[in-house]
Amino acid sequence: MSQVSRRGVFGYAGAAGIAGAAGVVAGRATASPTDARVDGGVIGQTHSPYGTHQAGIFTPKTQVGELVAFDLLPQTDKAALGRLLRAWTGDVVALTEGRPAAGDFAPDMAQPGVSLTALVGLGPRVFDLDGLGARRPAGFQEIPPMQHDRLDQRWTGGDLLVWVSADDATSVAHAVRRFVTDAAPFATRRWTQRGSWRPVDAAGAPVTGRNLFGQVDGSANPTGEDLAAAVVSSDDWLAGGTQLVVRRIEMDLTGWDEAVRDRQEAAVGRRLDTGVPLTGGEEHDDVDLAATRDGVPVIALDAHSRRSHPSQNNGRRMLRRGLNYTHDDWVGGKAVETSGLIFCAFQASIADQFIPVQRMLDQGDALNEWTTAIGSAVFVIPPGFREGGWIGETLLA
């Protein structure tokens, strides 16, 4: 498998990120995320499906994404799952390269240059199949209940995941249809979550992007050596892979809009217009937790950027990469709109990274006033594959 420069892939991750500051215990992972094909662009790209890591982790963020979770059918055993993953691998290769997948009834829909990636994940129940329990990765577990969670089963759980990203919703919808069709003999759709992001400015240059609160969201994602240590597993068959948490975060936009701007910025610890820390500097500079003004901490004790900071979490970090969503529910014959963030975090160990940081936030994050987790799911993201190989081969072959 060919590799690209560390500089290139770290640039990708910087352009791809979502809010905040969490991650992994230093030294857990030793591999480097080095297999995205880098050419400096964000939109209008054709990414390689091959590499040590699946495309869609370190590739640039796109404008549209759709996550689809599946439940395995009762008759789907280890061998059948292998057949499905081989079929999905064929879909990934063809669609990423801009070619119609095998059996595609709309072959003209596939095209290169739409920045399409398709990421495949395995949920907890996969490791109940045919003795796979012994191969469950260290630290892979469900998220325990949190005080501020209000989980809805419509957005929770799943045995398999496909996460399709591209520059446009048409390309995403076509690819998702292919994956769902090929899954039909083996699994049924459990939930679908669709979202969008704005990863470039008016001139087409990559930017961090904003969530629906208007926050520049992703400024503190890990880079450099911290990125590999935070995200990439070195465990057994999962070497080169990672673990993913998906949380559907409903946001109280009305309540947020009623808060004065100073209060909004204090809750985050960064300026809304630029993402610059309230302690000064540039967007990607670290917040200065020791800074005071008139004897009062500049970064409030309950500010999100303090509660999630690695120094407050034993050095834990993770790569956050999410999507904004709006969703209509019909209640009493009337449409009720909900809005929020499909929060996605990659890390080498959910137990060692996400759960301790989330507990810290659950106990005292100022943003809890306006945010509620209504969905939660966890997936193992197998390593990438080389030409002739397939997703999940190191686990199931």
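**Conventions**

Helices (H or I, at least four residues) and strands (E, at least two) are taken here as DSSP runs, numbered from the N terminus. I note that this is a predicted model, in which local features need pLDDT of at least 70 and side-chain atom pairs count only at pLDDT 80 or more, while totals for chains, interfaces and linings use all residues. Residues are numbered from 1 along each chain as its sequence is written, and side-chain values use heavy atoms, with hydrogens and water left out.

**Confidence**

I looked up pLDDT, the predictor's confidence in each residue, from 0 to 100, and found that the protein chain has a mean of 90, with 90% of its residues at 70 or more. Over residues 1–39 the pLDDT is below 50, although this stretch has 132 contacts in the model beyond near neighbours in sequence; a contact means heavy atoms within 4.5 Å. Where pLDDT is low, I keep in mind that the predicted coordinates should not be read in detail.

I placed asparagine 211 in the loop between strand 4 (187–196) and helix 4, and at 7% relative accessibility it counts as buried (buried is under 20% relative accessible area, exposed over 50%, partly exposed in between, with a 1.4 Å probe and protein chains only). Not counting residues up to four places away in sequence, asparagine 211 touches Trp197, Asp217, Met251 and Asn324. Its C-alpha atom is separated by 9.8 Å from that of serine 196, 15 residues apart along the chain.

I then turned to phenylalanine 58, which sits in the loop between helix 1 (6–16) and strand 1 (64–72) and is buried, with a relative accessible area of 4%. The C-alpha atoms of phenylalanine 58 and arginine 321 are 263 residues apart along the chain, yet they are separated by 9.6 Å.

**Aspartate 91**

Aspartate 91 belongs to helix 2 (residues 78–97). I checked its charge pairing, counting Lys and Arg as positive and Asp and Glu as negative, with His and the chain ends not counted, and taking a salt bridge as a side-chain nitrogen of Lys or Arg within 4 Å of a carboxyl oxygen of Asp or Glu. Aspartate 91 is buried yet has no salt bridge, and the nearest side chain of opposite charge, that of arginine 178, is 4.3 Å away. Leaving aside neighbours within four places in sequence, I list the contacts of aspartate 91 as Thr96, Ala101, Arg178, Phe179 and Asp182.

**Salt bridges**

The structure holds 12 salt bridges, of which I followed several across the sequence. In one of them the side chains of arginine 135 and aspartate 236 meet at 3.4 Å, N to O. Arginine 135 lies in the loop between strand 2 and strand 3 (160–166) and aspartate 236 in the loop between helix 4 (224–231) and strand 5 (242–251), so this pair ties together parts that are 101 residues apart in sequence. Arginine 135 is partly exposed, at 25% relative accessible area, whereas aspartate 236 is exposed, at 59%.

Arginine 154 forms a salt bridge with aspartate 329, and the closest N and O atoms are 3.0 Å apart. Because arginine 154 lies in the loop between strand 2 and strand 3 and aspartate 329 in strand 9 (residues 323–331), the pair ties together parts that are 175 residues apart in sequence. Arginine 154 is partly exposed, with a relative accessible area of 39%.

For glutamate 369 and arginine 263 I noted a salt bridge whose closest N and O atoms are 2.5 Å apart. Glutamate 369 lies in the loop between helix 8 (350–364) and strand 11 (371–381) and arginine 263 in helix 6 (residues 261–268), so the pair ties together parts that are 106 residues apart in sequence. Glutamate 369 is partly exposed, at 47%, and arginine 263 is partly exposed, at 39%. Salt bridges that share partners join Asp152, Arg154 and Asp329 into one network.

**Positive phi**

Most residues other than glycine have a negative phi, which made me look at two residues. Serine 115 has a positive phi, near 60°; it is placed in the loop between helix 2 and strand 2 (117–122) and is buried, with a relative accessible area of 1%. Asparagine 314 has a positive phi near 55° and is placed in the loop between helix 7 (304–307) and strand 8 (319–320), where it is exposed, with a relative accessible area of 67%.
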